[in-house]
Amino acid sequence: MEYLGIPMERVLAMVTDADSFVERAQDGSAHSPYVEVGELRQQILAKLTYELGGDPNWARKRDWFVAAALTVRDRVMDQWRSSKARIAEHKAKQVYYLSAEFLTGRLLSEALGNLGLTDSMRAALADLGVDLEQIYGQEADPALGNGGLGRLAACFMESMATLSVPAFGYGIRYENGLFKQVFEDGRQFELPEDWLSQGNPWEFKRPDLSYEIGFGGEVRSEPGADGQPRLVWHPAETLHAIAYDTPVVGWRGEQINTLRLWSARAAEPLRLAEFNRGDHFAAHADRIRAEVISRVLYPGDETDAGRELRLRQEYFFASASLQDLLRRHRLLHGKDLSTLADKAAIQLNDTHPAIAVAELMRLLTDVHGMEWQEAWRITSSAFSYTNHTLLPEALETWSVAMMEQQLPRHMQIIYQINAQHLEHARRDMDASDALLADVSLIDEQHGRRVRMGHLAFVGSHKINGVSALHTELMRKTVFAPLDRVCPGRIVNKTNGITFRRWLHRANPGLTRLLVEMLGEVVLGNPEAMQELAAHADDSVLHERLFAQRRVRKQALAGLIADQLGVAVDPAAMFDVQIKRVHEYKRQLLNILQTIALYQAMRDNPLGNWVPRVKIFAGKAAASYQQAKLIIRLAHDVAKVVNNDPAVRGLLKVVYLANYNVSLAEAIVPAADVSEQISTAGMEASGTGNMKLALNGALTIGTLDGANIEIREHVGADNIVIFGLTADEVAARKRAGLVDGRGNIAASPALAQVIEAMGSGVFSPDQPDRYRPLVDALLYHDVFMVTADFDAYCAAQARLDQIWAKPAAWWRMSICNTARMGWFSSDRTIREYAEDIWGVPTRPL
Ligand code: 26V
């Protein structure tokens, strides 16, 4: 086999192990963490022997992983302490990032990479007969998030440390993260995830950092110290939040921040009276009720079940985090809380921590005796809120009845906030009754519910969307009424990703090439990658990029073979859609096009088809039946297509199980095509789109979320855009144009696809299996799948044409990598720091 006339062996030989290259470049920096390999080896052995009670002759890979992690952790400790000391000394303003989800991914390679220790660690382990790459695989990938929102929080934590922004991440230490996904006959099943079962070498339990969290009970009017009556909350139930800290290592390890996750503990370990009576269940009932709060991550279900537990989770971590940051404030800046907003910027990652607005008011007024107006000034200056979705089902509301029952004092405070907010709207902004109903914190239409997005909005000085389009839609739709009565608060902060994880570590080969061609400057300043575009037509560069990609595709092909037993050709186009499964993300559109391609191949078996592998990965919420059916369809189509000799292996479909950060790290550098095909107006931003484009995949996408800004940066010639715009989608929905039958009748290809699906071609054992999907397409196609189908197929054909001309393909790929620098989360964090938080960042 050859490429551009060069034998494949030579092409592959151009690829060298590049980790070390990147790191040697890092070692040249001001902070040189060069460490004797021998010293590391000694420390690893000491950890293995004295901390794990192991024996180097018998140690398992897991033991070596833990020993290596503990060794790295020791090196982090001094920097961590000095980071904390620096903050105390400078009395610096701090960022508190409150998020129900942090999808950190594995930490060993990140810590090693950011400390510049990968090479030394590899050598030290090699001396001990251990392979570092295999050790990486021993680390559990903490699935403490559902998807984009959680991963964004992790990228932000890394960028804040890198830019020396003093920050705490506050969240929940779920004992069971997002479910583990397995397939049986193409059906998704959920198994409990168990990331802590073998221990977690990165975390420090802080039993000294424990706060009381109350629930329920009543509010009584009692005389205060001054004899005046005051409202006092007497919770019926009290439990404890205990801190577990994980260091967050920034690039080159200068600033170490803290991810502080809360775990719930019962106030009393057991009720002795019940135990002695022999009722062992009752003896433990309180403990179970308390500790279930940090037991499991909600998988974003739309079910009602467990709503109360979800509210308890949200209040639990919001309250613990605020009590903790107030304690820090008093410790560092004295008892005067009037300066709180000068020293603390509190970011609400979506509405999950929004109850914090009412909780801070309670703490400042009820507990610390501050005047209401002063407390409100501080609260609304300290908080800011990021919205991540406009989907109505994801906008949180809580029934007033449940709030009154669980958090009676907070309900009163919310009424009081609402009263002053509505008064302002009426008096100062001349709001009509209709507008007042729209901006009220209480939704009276659906049985009296508290609108948490409204609470977060009203309690914040800045509210941001996560892409230009999303922010515009926030202003025009969901938050239009609030924008009228509180104008100027909505700002845009387009998302970003940390290049350390998603380029330097996920794709060291490509990184090496970039450094070699453009210098080390690209590591600290990704905008410098722009220079690469000057080489977009360099055929030698094309060959080298091809070689890098090929290596990653071979590795992914190996993974696919191992997991699914399906052989895929690394020479084929790897066409990738990896994300949560949701109707708006339109995996179904991709599958329908796959079926159309399959049918065309069967009709013309000797056609000059571009070989393709359709690669899917992603989880559906456990209760989301339509999404689960889409997953099953992908499997059923795979079974038919992969086993049909008529397509001669030119089309393969694979669905990889249990998508998570680690799997993404394996897929992203191996992708040729990135599917970003959501119904326009529905994907707030997307961040997978950024990871894939950065690594040189060509995007096929709609004008949605950050795709629009990706197009602006990489250039319209270097991305394949198709489909209805957000305005067009909105107009169709307004006109009630959601009947797919017209679109299907107008498209012979689509009609044939739907006919096959509906008649059981892919489910001969159950011909009506896909009736719910077909019916939705025919009669209620709110996601515009049928409307966009032909345009999507034409866009896919364009990709085929480009693929046939490798020089054109690689030119486009280079322009993508070169111009994605702006999407670094360092840029995003600098914008938050400057426009929202008012904290300085260091230059890199
Ligand atoms: C909602 C719920 C509802 C209750 C149970 C748990 C749960 C968990 C998450 C959510 C909302 C998820 C919102 C989200 O992940 N949005 C994504 O945020 C990304 C980062 O800004 C963005 O790139 C994606 O476009 C957006 O879908």
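Colleague: How far does a polar side-chain atom of E683 lie from an oxygen atom of the ligand?
Modeller: Keep in mind that this is a predicted model. A pair of N or O atoms within 3.5 Å counts as a polar contact. The polar side-chain atom of E683 sits from that ligand oxygen at 2.6 Å.

Colleague: And which residue has a polar backbone atom 2.8 Å from an oxygen atom of the ligand?
Modeller: Take A684 to begin with: one of its polar backbone atoms is 3.3 Å from a ligand oxygen. The residue with the 2.8 Å value is G686.

Colleague: How much of the ligand's accessible area does the protein cover?
Modeller: On its own, the ligand has 600 Å² of accessible area.

Colleague: Which helix gives the most to the shell around the ligand?
Modeller: There are 18 residues around the ligand, with H388, N495, E683, S685 and G686 coming nearest. They split into six nonpolar, nine polar and three charged. The top helix, with three residues from the stretch 148-162, is α8.

Colleague: How are α3 and α6 set relative to each other?
Modeller: Their axes come within 8 Å and cross at roughly 60°. The crossing of α3 past α6 is right-handed. An angle under 35 degrees would be roughly parallel and 65 to 115 roughly perpendicular, so α3 and α6 are oblique.

Key. Residues numbered from 1 in each chain as written. Predicted model: local features only at pLDDT ≥ 70, side-chain atom pairs only at ≥ 80, totals over all residues. Heavy atoms only, no water. Near = heavy atom within 4 Å. Polar contact = N/O pair within 3.5 Å; in protein donor to acceptor, adjacent residues only side chain to side chain. Areas by Shrake-Rupley, 256 points an atom, 1.4 Å probe, with all protein chains shown as cover. Helix = DSSP H or I, 4+ residues; strand = E, 2+ residues; numbered from the N terminus. Nonpolar A, V, L, I, M, F, W, Y, C, P; charged D, E, K, R; others polar. Axes fitted to C-alpha atoms, helices over the stretch in contact; angles between N-to-C directions. Parallel < 35°, antiparallel > 145°, perpendicular 65-115°, else oblique. Left-handed = near helix turned anticlockwise from the far one by under 90°.
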